[in-house]
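Below are some notes for a reader who is opening this entry for the first time.

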Amino acid sequence: MKPSKLMVHHYIINGVRRIGMNALDICATFGRAGWFLVQSLNWGKGFKAPLSRLVYQVYNLGVLSLPIILVSGLFVGMVLALQGYHILVDYGSQEAVGQMVALSILREFGPVVSALLFAGRAGSALTAEIGLMKATEQLSAMEIMGVDPFKRIMSPRLWGGIICLPLLNLMFCVLGIYGGALVAVDMLGIYEGSYWANMQGSVEFYGDIVKGVIKSVVFAVVVTWIAIFQGWNALPTSMGISRATTQTVVQASLAVLGLDFVLTAVMLGGF
Amino acid sequence: MGNCVVLKNVSFRRDGRLIFDDISLNIPKGKVTSILGPSGTGKTTLLGLITGQLKPDSGEVLVNNLSVPDLSRQALFELRKKMSLLFQSGALFTDMTVFENVAFALREHTQLPEHMIRDLVLLRLENVGLRGAGQLMPSQLSGGMARRVALARSIILDPDLIMYDEPFTGQDPVSKGILVKLIRALNKNLSLTSVLVSHDVEEALSISDHVYVLSHGQVIASGTPEALRENTGSELQQFLFGLPDGPVSFHFPAKPLSEEVLA
């Protein structure tokens, strides 16, 4: 049956209305998330108690993420050296494998992969923890006792994430470069002197290491922000928490990859 | 004595549904006031309005003569130090021991030395009969014990106003008896103002000085427990005596069965 003109108009208006409502929803969520970030960055009064909470979060988010970061760094470095060797050997440039491993890891793999792993390990845990605190009314209980959950719960976690991820990135890079040396030098027989000397000659402190750390700081803010906001915003049901945890990993991963392109373009002067 | 909490012509909607329609009530200082009503009448929502977690669409909510919806975030947190709420679930912090749960507000709001915090916490745990359970985790407590720990936690800062959200729900008769005794004793010994939200009629009436009964967003009756028992209003009688059908319908609004099933 052919739809009447009136029905077509109805579908179009409904479609436009739905797009408009979704756009408004997205704007409202961004607004709330922005305000949430501003409030969470506020450290609060005093030093001693907030510092001990921060130290606990650094342990919780950073130290407990070390195994996955170190093992991943080692294997990423090993694979890069292996792949790099087989490409470079065709051009007789296999001695440059150290340089290739170091630059790839310091500029890209370190900040990006450590942020993705951090989102999966620590980000999801943060969302689930805060979501469950909400579902069991622990956050409300805190508010009723006159304790601001932003300062007591959100702020130490946000600052903990901002401190941990750049450090985890550096450790990822160190293990990655060491993993590359294991494969290139010990397995493939590249001269150890050229592996390290080529690397030393090509890696710049500001251009490669500092820029990698800057990326990592940006990723840390974004990943931790998304994780704690999703927990705060989760529906207080088992399905709500499960959905928020998934959203954290998906949104944080996409944000890291998208921002990586923007930051790389800005740092290379592409814009 | 005056009133600790005053609600004047309060209306509140949630998701388009009218929860309160122009209700007014007063909670006198130093008394136990019960808010009764069937499930879903917004009794817990009323506590949300008093604590400032929710804002009314119209009307005034005054606590200690301060207009709660108009307070700044900081002023609201200051006011909340003088009030406490016993949640239906207890809402204990699951990663802290019983002792740390009770000490939480003291650590957050005071600079007391550790030995003094210890003594105060032990005294409060003694009040609820759980001094020996200080090192247990919330997961190791029974429902009744968890609620008593939450009660100890809610009185640790000596509040002026304490609110109980369905304190008897899911409790065995012994735990109910203990809670009834505790609520009355704490109100007297600590000179508190208590607001008890419940649908456990007998327990609530046995310890209340004044009672409000809510239904369909309105106060349908108020007065002393004795006066309510003598009230002949059909809706009130249905609620007080637990009659299955009456003005509060057993059926949720729906199309006629014949129309829905046989159509």
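Predicted model: local features only at pLDDT ≥ 70, side-chain atom pairs only at ≥ 80, totals over all residues.

How many bridges join strand 1 of chain B to strand 4 of chain B?

1. Residues are numbered from 1 along each chain as its sequence is written, while chains are lettered from A and ligands numbered from 1 in the order in which they are written.

2. Strand 1 of chain B and strand 4 (residues 58-63) of chain B run antiparallel and are joined by 5 bridges. Strands pair if DSSP finds at least two bridges between them; helices (H or I, at least four residues) and strands (E, at least two) are DSSP runs, numbered from the N terminus. Val5(B) has Val63(B) in strand 4 of chain B as its bridge partner.

3. Strand 1 (residues 3-14) of chain B also runs antiparallel to strand 2 (residues 17-28) of chain B, with 8 bridges between them.

4. Chain A has 9 helices and 0 strands. Its radius of gyration (taken over C-alpha atoms) is 23 Å, whereas a compact globule of 271 residues would have one near 18 Å; the globule rule is 2.2 Å times the number of residues to the power 0.38. The C-alpha trace of chain A spans about 70 × 70 × 35 Å along its principal axes.

5. Domain 1 (1-41) and domain 2 (47-267) make up the domain assignment of chain A, with bounds from an automatic or database domain assignment. Where they touch, 6 residues come from domain 1 of chain A and 8 residues from domain 2 of chain A, contact meaning C-beta atoms, placed from the backbone, within 7 Å. The centres of the two domains, taken over C-alpha atoms, are 34 Å apart.

6. Between the chains, 16 residues of chain B are in contact with 11 residues of chain A. Helix 2 (73-80), strand 6 (83-86) and helix 3 (98-109) of chain B are the elements that give two or more residues to this side of chain B.

Notes:
Contact = placed C-beta atoms within 7 Å.
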